[in-house]
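Thank you all for coming; I would like to take a few minutes to walk through one model, beginning with a pair of charged residues and then moving on to a helix. Please have a look at the display before I go on.

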Amino acid sequence: MKNLKTSYMGIEIDNPIILGASNLVTKPDNLKRAEDQGAAAIVYKSLFEEQIQLETLQLDDKLTEFNDIHAEMLTLHPQIDHAGAQEHLLNLRKAKESISIPVIASLNAVNVQTWVEYAKLINQTGVDGIELNFYPNIWDLDRDSADIENEQVMIVKEIKKNITIPLSVKLSPDYTNALNLIKKLDGEGVDAFVLFNSFFQPDIDIKSEKHIKKYNFSNPGDYKKSLRFAGLLYQNIRAEVCSSHGIFTGADIIKLILSGASSVQVVSTIYKNGISHISSMKQEIEDWMDEKNYDSLEDFKGKLSKNSLTKNPFVYKRAQYVDLLLNAEDIFGNH
């Protein structure tokens, strides 16, 4: 049997396949099935501050809608406060207790104070680490990009002071220079980077002329930007790289390990192919390693990263794009 052991956030895991944050992991049966099928770790569904804010407002509206309906009556309901993050924290504890593989919490807050507050509460649940889901919804034309990045660096710095478990950061690819931000966050002690977020994007139904809600699954091949960044970052930062977005097969995972990733997170392929697909991807990796005579992931991790390339060091640079244009006939043939 091949040695697929690797690490995420400095945590040793049995193989590189991590089930990413989604509604799938909120069902206890799915957690156990994922473990049985070979998932190395679970990232629990994100705690969203915006959801708590919305639910708090909805509860307040419900409790006060009939206030002052009668001259001698101030309210029909007792004073009840929203539980805030307590339900989510309870579910995190239950998830951690139900399986033996690492459970990682995911956090997506809005305000600096709540990023730190929720991280401290999560730290007390017994989970193995926290993944900060940096997903800024950019809509303000007047906010400077440096201000956004500096705030995120500050958030990481403050959270690191207040927790004792490993910390990873999941980023968008849409920064002007994501490599520079990653370098700054790496300097603050981030243990791993998850590259990249899968974004919700609005859509419009032209018949009804209304916005429509649609879950945005990634597509096969969407991992290429993550592959490029893993190749550029390998051995250039202290933190590990966990690739995400558009990873559907064992072959995809092999490519990302070759580029320098330590692990991957999968979601869309599990929705489309079922939880048992984790076992299939794992077997595909082992079969390829047999064919190539590799005994462990470390034998080929980063083999095709930027630092490891000697014959073609420009593959991760713009020069490769220019080369493709100049030699298009060789690639596409004469048509």
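Let me start with a question: in which helix do lysine 32 and glutamate 35 both lie, and how many residues apart are they? They belong to helix α1, which covers residues 28-36, and they sit three residues apart, about one turn of the helix. Bear in mind that this is a predicted model. The two residues form a salt bridge whose closest N and O atoms are 3.3 Å apart, and while lysine 32 counts as partly exposed at 41% relative accessibility, glutamate 35 is buried at 14%.

That salt bridge can be set beside another, between aspartate 290 and lysine 2, with the closest N and O atoms 3.4 Å apart. This pair links distant parts of the chain, since aspartate 290 belongs to helix α10 and lysine 2 to the segment before β1, 288 residues away. Lysine 2 is buried, with a relative accessible area of 18%, whereas aspartate 290 is partly exposed at 45%. Together with Asp295, these two residues make up a network of salt bridges, and the whole structure has ten salt bridges.

Turning now to helix α8, residues 250-259, eight of its ten residues are buried, and those buried residues pack against several elements, including α7, β12 and α10. At the start of α8, a side-chain oxygen of threonine 249 comes within 3.3 Å of the backbone nitrogen of alanine 251, and after the helix comes glycine 260, with a positive phi near 130°.

Definitions and conventions: Residues are numbered from 1 along each chain as its sequence is written. This is a predicted model: local features need pLDDT of at least 70, side-chain atom pairs count only at pLDDT 80 or more; totals for chains, interfaces and linings use all residues. Side-chain values use heavy atoms; hydrogens and water are left out. Buried means under 20% relative accessible area, exposed over 50%, partly exposed in between (1.4 Å probe, protein chains only). Helices (H or I, at least four residues) and strands (E, at least two) are DSSP runs, numbered from the N terminus. Contact means heavy atoms within 4.5 Å. A polar contact is a pair of N or O atoms within 3.5 Å; within protein, one must be able to donate a hydrogen and the other to accept it, and residues adjacent in sequence count only if both atoms are side-chain atoms. A salt bridge is a side-chain nitrogen of Lys or Arg within 4 Å of a carboxyl oxygen of Asp or Glu.
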